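Please look at the disulfides of the structure below. The paragraphs after it go through them one by one.

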Amino acid sequence: MSHLVHLTVLLLVGILCLGATSAKPHEEINRDHAAELANECKAETGATDEDVEQLMSHDLPERHEAKCLRACVMKKLQIMDESGKLNKEHAIELVKVMSKHDAEKEDAPAEVVAKCEAIETPEDQCDAAFAYEECIYEQMKEHGLELEEH
């Protein structure tokens, strides 16, 4: 599995974990929940069943609508705000969920988000969501944060 595909998997799992902890603390995250969110966003983004399947099988988005599907999920869970920018607080929590705990690197999630919050992103929010995915992965790697296996 490529690093970017692995990141997409972890972002989805991390987003779902964060969504569950902020909305329903005791809800267990599972594939059905992920499919429910993706299907909710499908109608809003013009994504197809194939785009949802691609998301669920952790493949990189091939179509613009597939990127929009990811942006929709990020927005619903407040990782990305309505203007297409990262929500700092929720993005930090996402990075914490995605990374293995390392007491020596407690400040790293905030540093990762600060870097990614500052990047120039495409005007298109779907492309911006994908740019944030790439940035978060690269910054986690640069800060020595190991990805938690989910």
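Which cysteine forms a disulfide with Cys116? The partner of Cys116 is Cys135, with the two sulfur atoms 2.1 Å apart; a disulfide here is a pair of cysteine sulfur atoms within 2.5 Å. This is a predicted model, in which local features need pLDDT of at least 70 and side-chain atom pairs count only at pLDDT 80 or more, while totals for chains, interfaces and linings use all residues. Residues are numbered from 1 along each chain as its sequence is written, and side-chain values use heavy atoms, leaving out hydrogens and water.

The torsion about the S-S bond of Cys116 and Cys135 is about -95°, so this disulfide is left-handed. The pair links distant parts of the chain, 19 residues apart: Cys116 is in helix 6 (residues 108-117) and Cys135 in helix 7. Helices (H or I, at least four residues) are DSSP runs, numbered from the N terminus. Cys116 has 0% relative accessibility and therefore counts as buried, where buried means under 20% relative accessible area (1.4 Å probe, protein chains only). Cys135, at 11%, also counts as buried.

Another disulfide is formed by Cys68 and Cys126, whose sulfur atoms are 1.9 Å apart. Cys68 lies in helix 4 and Cys126 in helix 7 (residues 125-142), so the pair ties together parts that are 58 residues apart in sequence. With 105° about the S-S bond, this link is right-handed.

Cys41 is joined to Cys72, S to S 2.1 Å. Cys41 belongs to helix 2 (residues 31-45) and Cys72 to helix 4 (residues 64-76). The count comes to three disulfides, and their pattern is 1-3, 2-5, 4-6, with bonded cysteines counted along the chain.

Definitions and conventions. Helix = DSSP H or I, 4+ residues; strand = E, 2+ residues; numbered from the N terminus. Buried < 20%, exposed > 50% of the residue type's maximum accessible area, 1.4 Å probe, protein only.
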